[in-house]
Amino acid sequence: MKMQSPKTSPQPVPKPVRWVASSKDDLSAFPNDVKTRVGGALWDAQIGLKSPSAKPLKGFGDAGVLEVVVDFDGNTFRTVYTVRFAKAVYVLHAFQKKSRRAIATPKSDLDLIETRLSRAEEDYKAWLKSR
(Lines give C-alpha, C1' and ligand atoms only; values in the text may rest on other atoms or scores of the structure.)
Protein backbone atom coordinates (compact mmCIF):
# COMPACT_ATOMS: atom_id res chain seq x y z
CA MET A 1 0.00 0.00 0.00
CA LYS A 2 1.38 3.35 -1.05
CA MET A 3 1.31 6.20 1.48
CA GLN A 4 0.19 9.54 0.17
CA SER A 5 1.76 12.63 1.55
CA PRO A 6 -0.70 15.19 2.84
CA LYS A 7 -1.48 17.91 0.38
CA THR A 8 -0.33 21.24 1.58
CA SER A 9 -0.79 24.52 -0.11
CA PRO A 10 2.43 26.13 -1.23
CA GLN A 11 3.85 28.72 1.10
CA PRO A 12 3.56 32.25 -0.26
CA VAL A 13 6.82 33.74 -1.47
CA PRO A 14 7.43 36.78 0.69
CA LYS A 15 7.78 40.12 -1.04
CA PRO A 16 11.01 41.95 -0.28
CA VAL A 17 10.96 44.90 2.09
CA ARG A 18 12.48 48.05 0.66
CA TRP A 19 13.41 50.95 2.90
CA VAL A 20 13.01 54.62 2.03
CA ALA A 21 15.55 57.16 3.33
CA SER A 22 16.33 56.70 7.05
CA SER A 23 13.37 54.41 7.82
CA LYS A 24 15.51 51.30 8.44
CA ASP A 25 17.94 53.09 10.76
CA ASP A 26 15.06 54.80 12.54
CA LEU A 27 13.24 51.49 13.12
CA SER A 28 16.50 49.84 14.22
CA ALA A 29 16.75 52.38 17.05
CA PHE A 30 13.38 51.33 18.51
CA PRO A 31 13.22 49.07 21.60
CA ASN A 32 13.34 45.34 20.82
CA ASP A 33 9.70 44.73 21.82
CA VAL A 34 8.58 47.45 19.40
CA LYS A 35 10.78 46.08 16.60
CA THR A 36 9.30 42.61 17.14
CA ARG A 37 5.72 43.88 16.80
CA VAL A 38 6.52 46.00 13.74
CA GLY A 39 8.44 43.11 12.22
CA GLY A 40 5.40 40.86 12.60
CA ALA A 41 3.22 43.39 10.79
CA LEU A 42 5.78 43.74 8.00
CA TRP A 43 6.00 39.94 7.67
CA ASP A 44 2.22 39.77 7.29
CA ALA A 45 2.45 42.39 4.54
CA GLN A 46 5.25 40.46 2.83
CA ILE A 47 3.07 37.36 2.55
CA GLY A 48 -0.03 39.25 1.46
CA LEU A 49 -1.85 39.53 4.78
CA LYS A 50 -2.91 42.56 6.80
CA SER A 51 -1.76 42.54 10.39
CA PRO A 52 -4.45 43.27 12.96
CA SER A 53 -2.11 45.94 14.33
CA ALA A 54 -1.89 47.78 10.97
CA LYS A 55 -4.43 50.49 10.24
CA PRO A 56 -4.87 52.60 7.10
CA LEU A 57 -3.18 55.97 7.51
CA LYS A 58 -5.72 58.75 7.10
CA GLY A 59 -5.13 61.19 4.29
CA PHE A 60 -3.79 58.73 1.72
CA GLY A 61 -7.05 57.77 0.05
CA ASP A 62 -7.02 54.00 0.43
CA ALA A 63 -5.76 51.15 2.55
CA GLY A 64 -2.48 50.99 0.61
CA VAL A 65 -0.60 53.10 3.17
CA LEU A 66 -0.66 51.52 6.61
CA GLU A 67 0.52 52.51 10.04
CA VAL A 68 1.54 50.34 12.96
CA VAL A 69 1.30 52.13 16.30
CA VAL A 70 3.03 50.52 19.28
CA ASP A 71 2.76 51.93 22.78
CA PHE A 72 5.73 50.84 24.87
CA ASP A 73 7.03 52.01 28.22
CA GLY A 74 5.03 55.23 28.11
CA ASN A 75 6.11 56.10 24.56
CA THR A 76 4.37 55.76 21.21
CA PHE A 77 6.25 54.42 18.18
CA ARG A 78 4.85 54.56 14.66
CA THR A 79 5.93 52.85 11.48
CA VAL A 80 4.33 53.63 8.13
CA TYR A 81 4.59 51.34 5.11
CA THR A 82 2.87 50.83 1.80
CA VAL A 83 1.53 47.76 0.05
CA ARG A 84 0.51 49.68 -3.09
CA PHE A 85 3.16 47.90 -5.14
CA ALA A 86 2.57 44.33 -6.29
CA LYS A 87 6.07 42.96 -5.79
CA ALA A 88 7.48 44.81 -2.74
CA VAL A 89 6.61 46.33 0.62
CA TYR A 90 8.08 49.80 1.21
CA VAL A 91 8.74 51.16 4.69
CA LEU A 92 8.26 54.90 4.40
CA HIS A 93 8.79 56.26 7.91
CA ALA A 94 9.46 55.12 11.47
CA PHE A 95 9.32 57.58 14.34
CA GLN A 96 8.59 58.09 17.99
CA LYS A 97 5.59 60.32 18.46
CA LYS A 98 6.46 63.20 20.76
CA SER A 99 3.11 64.91 21.41
CA ARG A 100 1.14 63.67 24.39
CA ARG A 101 -1.96 65.71 23.52
CA ALA A 102 -2.99 64.77 20.01
CA ILE A 103 -3.54 61.32 18.58
CA ALA A 104 -3.23 62.46 14.96
CA THR A 105 0.02 62.09 13.05
CA PRO A 106 1.72 65.51 12.88
CA LYS A 107 1.50 67.35 9.55
CA SER A 108 5.28 67.45 9.20
CA ASP A 109 5.35 63.64 9.39
CA LEU A 110 2.45 63.34 6.90
CA ASP A 111 4.33 65.61 4.47
CA LEU A 112 7.46 63.49 4.87
CA ILE A 113 5.45 60.30 4.27
CA GLU A 114 3.95 61.78 1.11
CA THR A 115 7.41 62.73 -0.19
CA ARG A 116 8.77 59.28 0.62
CA LEU A 117 5.79 57.59 -1.04
CA SER A 118 6.70 59.43 -4.26
CA ARG A 119 10.32 58.31 -3.84
CA ALA A 120 9.14 54.73 -3.30
CA GLU A 121 7.13 54.84 -6.51
CA GLU A 122 10.18 56.04 -8.47
CA ASP A 123 12.37 53.39 -6.83
CA TYR A 124 9.83 50.65 -7.53
CA LYS A 125 9.69 51.47 -11.24
CA ALA A 126 13.49 51.48 -11.48
CA TRP A 127 13.75 48.28 -9.41
CA LEU A 128 11.28 46.45 -11.68
CA LYS A 129 13.27 47.47 -14.77
CA SER A 130 16.51 46.18 -13.22
CA ARG A 131 15.14 42.73 -12.38
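Visitor: Which side chain meets that of Lys125 in a salt bridge?

Guide: A salt bridge is a side-chain nitrogen of Lys or Arg within 4 Å of a carboxyl oxygen of Asp or Glu. Here the side chain of Lys125 meets that of Glu121, at 3.7 Å from N to O. Both residues lie in helix α3, four residues apart, about one turn of the helix. This is a predicted model, in which local features need pLDDT of at least 70, side-chain atom pairs count only at pLDDT 80 or more, and totals for chains, interfaces and linings use all residues. Residues are numbered from 1 along each chain as its sequence is written, and side-chain values use heavy atoms, with hydrogens and water left out.

Visitor: How many salt bridges does the structure hold?

Guide: The structure holds five. One of them joins Arg84 to Asp62, with the closest N and O atoms 3.4 Å apart. This pair links distant parts of the chain, 22 residues apart: Arg84 is in the loop between β4 and β5, and Asp62 in the loop between β2 and β3. Helices (H or I, at least four residues) and strands (E, at least two) are DSSP runs, numbered from the N terminus.

Visitor: Is Thr105 buried or exposed?

Guide: Buried means under 20% relative accessible area, exposed over 50%, and partly exposed in between (1.4 Å probe, protein chains only). Thr105 has 12% relative accessibility and therefore counts as buried. By contrast, Lys107, at 59%, counts as exposed.
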